[in-house]
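Let's walk through this one together, a question at a time. Have the viewer open and follow along.

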Amino acid sequence: MKFNNKFHLNGDNIHIGENVKIGDNTVIYDNTLIDDGTIIANDCIIGEPSKDYYYNEKYSNTTTIIGKDCLIRSHAIIYNGNTIGDKVSTGHRIMLREGNSIGEGSRIGNYSELHGNVKTGKYASIHSNVCIVENSIIGNFVWISPGTILTNDFALPSNNKRSPIIGDYTAIAVNCVILPGIEIGVNCLIGASTVVTNDIPDFSVCIGSPGRVVSDIRDFLTNGVNHYPWPYNFDKGMPWEGLDFSVWQESLEHD
Amino acid sequence: MKFNNKFHLNGDNIHIGENVKIGDNTVIYDNTLIDDGTIIANDCIIGEPSKDYYYNEKYSNTTTIIGKDCLIRSHAIIYNGNTIGDKVSTGHRIMLREGNSIGEGSRIGNYSELHGNVKTGKYASIHSNVCIVENSIIGNFVWISPGTILTNDFALPSNNKRSPIIGDYTAIAVNCVILPGIEIGVNCLIGASTVVTNDIPDFSVCIGSPGRVVSDIRDFLTNGVNHYPWPYNFDKGMPWEGLDFSVWQESLEHD
Amino acid sequence: MKFNNKFHLNGDNIHIGENVKIGDNTVIYDNTLIDDGTIIANDCIIGEPSKDYYYNEKYSNTTTIIGKDCLIRSHAIIYNGNTIGDKVSTGHRIMLREGNSIGEGSRIGNYSELHGNVKTGKYASIHSNVCIVENSIIGNFVWISPGTILTNDFALPSNNKRSPIIGDYTAIAVNCVILPGIEIGVNCLIGASTVVTNDIPDFSVCIGSPGRVVSDIRDFLTNGVNHYPWPYNFDKGMPWEGLDFSVWQESLEHD
């Protein structure tokens, strides 16, 4: 129904792989590679030109790469210069400014925006309506919940900027703010509506505004159960799904 | 101007009632019923197929019903399986995932998203940019203000999920977070940026992070006046508009 | 690429200036003036009709004015009755309800919405995903960061409404809430996730929930440096760019 070959290829050097589906009204700009098996739904813009395009006749897009077996839902705007890994899926109306690198298997929810040059690891789960400032670094298997904002300006407005770094396996609940330049370690849990104002060590539970570390995550009980580190107790959509996390980790080390 | 019969019916079993207007570029998928007098503006998607559609040739939409005299503003995405009551109105760019049931007279604001199987009562007013997790239950005449998020995961990420329940006539101010499984009673007021961490009894005023009950709403003064329960003092757009709320309630009981 | 003359002029009394570019699929309704040198990207709606349009055959748009040398990025919805100054630029998918007045050089970020009759001064920088209630007054050179919400209802829901006023040069960080009727003075800094519950004097630093004034901004150090008032230390995109702010101010006074 959605795939009537009514999409538009606007420019040169557009490579479409095997078994790719592209939805109606989607526009793909020049210097874009879409790899095998990927689905781009309707009304998307892939390789959206940068601002200079509007004013400079000699403007040329940098390369946009969408990996294999991705699902880009409708109305996404993905600027030129993004590199999207294999098996990435997105919600509707996402906004990726220039130069992000999205790791394999990651997810980006409805209305979320990455402001550019953001790097995510593998299987990062960025939910709806998340705002991630340019140059942020998001680890592997990180969860970022709806309404959370990562910031980078130490003195609004200033040129004194540094972006947050979020460690592997860390989960950030809804409506949090991560202040400029903050580094959050691996395997942390940041509670709902927390404002993270200091660097957070590995394996910390941090809550409140300003956020304070209240527990080691390995001692933290939810409903009387020690759930964390979560990979041992949750596998849905993860590469260790149906396996034991420890076994999966060992298999990686032996690769 | 908007209604040039340039909409698209994509599939079978689409029933359009009397005096329905459908805007240009709107796409309506199979198994959709749009009842009399409803207006669907331009660039909407009604009956958006579920993810399985992209991968399964035998995919079939479940039924989507839009009631009478609704106004669905432009760029809405309404997945298949929603049931929208009569006289519902929406803002632009709303997102309804599968299986929500929206009560008569309810409103859903710009950019708001219901993640699926959400049930709202009658005349629920969900403002802009609200994020409501799947399976939430929203009562009659509930107000939810911009930026508020309802959550359901007790240990991010986990399979231990339960969604909030919001009682009739309760008003939730901007930027609140309702934690998983929380039940908020009837006739409550939740202040701006509150994080509701415990069940809230009927007629409570709850503020802060973590939220604490600070007053019975019947004793709560705003600008020196006791406004609550609000239905006695506010009727705009409500079914008791121009009547006395008590009289209206009695008329219901005698029906 | 984007400009193939596939836009739509829907109605009478549409004036397009010199050197205007209008993107594909953009719709411009009646009674709209677009001044010289402005670029309106693809898929925008300019002069979106008010609700009455759907029900009243005699409906007529009020005038929409877009000034000179603006850049309106794709998928903007700008209702009829807006007046946009010269050199305004916007992100994607902004939403301007009726009757806003946007000062010269201002910026409005992706997904942000102004609910109507909002007045901004010159060079107001409203970032992504900001929600500004109707009738708010935003000064010159004001910064409002992502996720911030301005409110106007003293007793949700009520008819007792008054909108905030934000003074010149004030910077509001991410995820703040400004309560109804609050007046924030000039040259203030409102920290991340602050809930502003009282009027704030000029030159204040206000943080927390509820917000409290913790410093005079002229005594406030960020990373050991006194950055504020910021115009003396930041000029990117400002009319005093490359000049000294004091010199620029004096030049204005001598005009």
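Two strands count as paired if DSSP finds at least two bridges between them. Keep in mind that this is a predicted model.

Q: In S25(A), which residue is the bridge partner of Leu150(A)?
A: Start with the two strands, S22 (residues 149-150) and S25 (residues 177-178) of chain A, which pair in the parallel sense over two bridges. Leu150(A) lies on the S22 side, and its bridge partner in S25(A) is Ile178(A).

Q: Which strands are the edge strands of the open sheet of 10 strands in chain A?
A: The order to follow in this sheet is S1-S4-S7-S10-S13-S16-S19-S22-S25-S28, with parallel pairing. An edge strand here pairs on one side only. In chain A that describes strand S1 (8-10) and strand S28 (195-196).

Q: How many residues lie between S29(A) and S30(A) in their hairpin?
A: Strand S29 (residues 204-207) and strand S30 (residues 212-216) of chain A run antiparallel and are joined by four bridges. One bridge pairs Ser204(A) with Asp216(A) in S30(A). In the turn, Gly208(A) has a positive phi of about 95°. The number of residues between the two strands of the hairpin is four.

Q: Why is one side of S3 and one side of S30 of chain B left without a neighbour in the sheet?
A: In chain B, 11 strands form an open sheet with mixed pairing, in the order S3-S6-S9-S12-S15-S18-S21-S24-S27-S29-S30. Strand S3 (21-22) and strand S30 (212-216) stand at its edges, so one side of each has no neighbour there, because each has a single partner strand.

Q: What is the bridge partner of Ile72(B) in S12(B)?
A: Within chain B, strand S9 (residues 71-72) and strand S12 (residues 89-90) pair in the parallel sense over two bridges. Ile72(B) belongs to S9. Its bridge partner in S12(B) is Thr90(B).

Q: What rotation superposes chain B on chain C?
A: The superposition of chain B on chain C has an RMSD of 0.0 Å, with 0.0 Å of shift along the axis. The two copies are thus related as by a three-fold rotation axis. Chain A is likewise superposed on chain C, with an RMSD of 0.0 Å. For chain B on chain C, the rotation is 120°.

Q: Why do chain B and chain C meet through different surfaces?
A: The contact takes 35 residues from chain B and 35 residues from chain C. The copies meet through different surfaces because, of the interface residues of chain B, those that are also interface residues in chain C make up only 14%.

Q: Which three residues supply 25% of the area that chain A buries against chain C?
A: Here 35 residues of chain A are in contact with 35 residues of chain C. Together the two chains bury about 3000 Å², 58% of it on carbon and sulfur atoms. The trio that supplies more of chain A's share than any other three residues is Tyr54(A), Leu156(A) and Pro157(A).

Q: Which element supplies the largest share of the side of chain A that touches chain C?
A: Between these chains there are 14 residue pairs in polar contact. Strand S7 (45-48), helix H1 (52-55) and strand S10 (77-79) of chain A each supply at least two residues of that side. The largest share is three residues, and it comes from H1(A).

Q: How many charged residues are on the side of chain B that touches chain C?
A: Across this interface, 14 residue pairs are in polar contact. The residues on chain B's side include 17 nonpolar and 14 polar ones. The number of charged residues there is four.

Technical notes. Residues are numbered from 1 along each chain as its sequence is written. Chains are lettered from A and ligands numbered from 1 in the order in which they are written. This is a predicted model: local features need pLDDT of at least 70, side-chain atom pairs count only at pLDDT 80 or more; totals for chains, interfaces and linings use all residues. Side-chain values use heavy atoms; hydrogens and water are left out. Copies are superposed by least squares on the C-alpha atoms of residues with pLDDT of at least 70 in both. Contact means heavy atoms within 4.5 Å. Buried area is the accessible area (1.4 Å probe) that two parts lose on being put together, summed over both. A polar contact is a pair of N or O atoms within 3.5 Å; within protein, one must be able to donate a hydrogen and the other to accept it, and residues adjacent in sequence count only if both atoms are side-chain atoms. Ala, Val, Leu, Ile, Met, Phe, Trp, Tyr, Cys and Pro count as nonpolar, Asp, Glu, Lys and Arg as charged, and the others, Gly among them, as polar.
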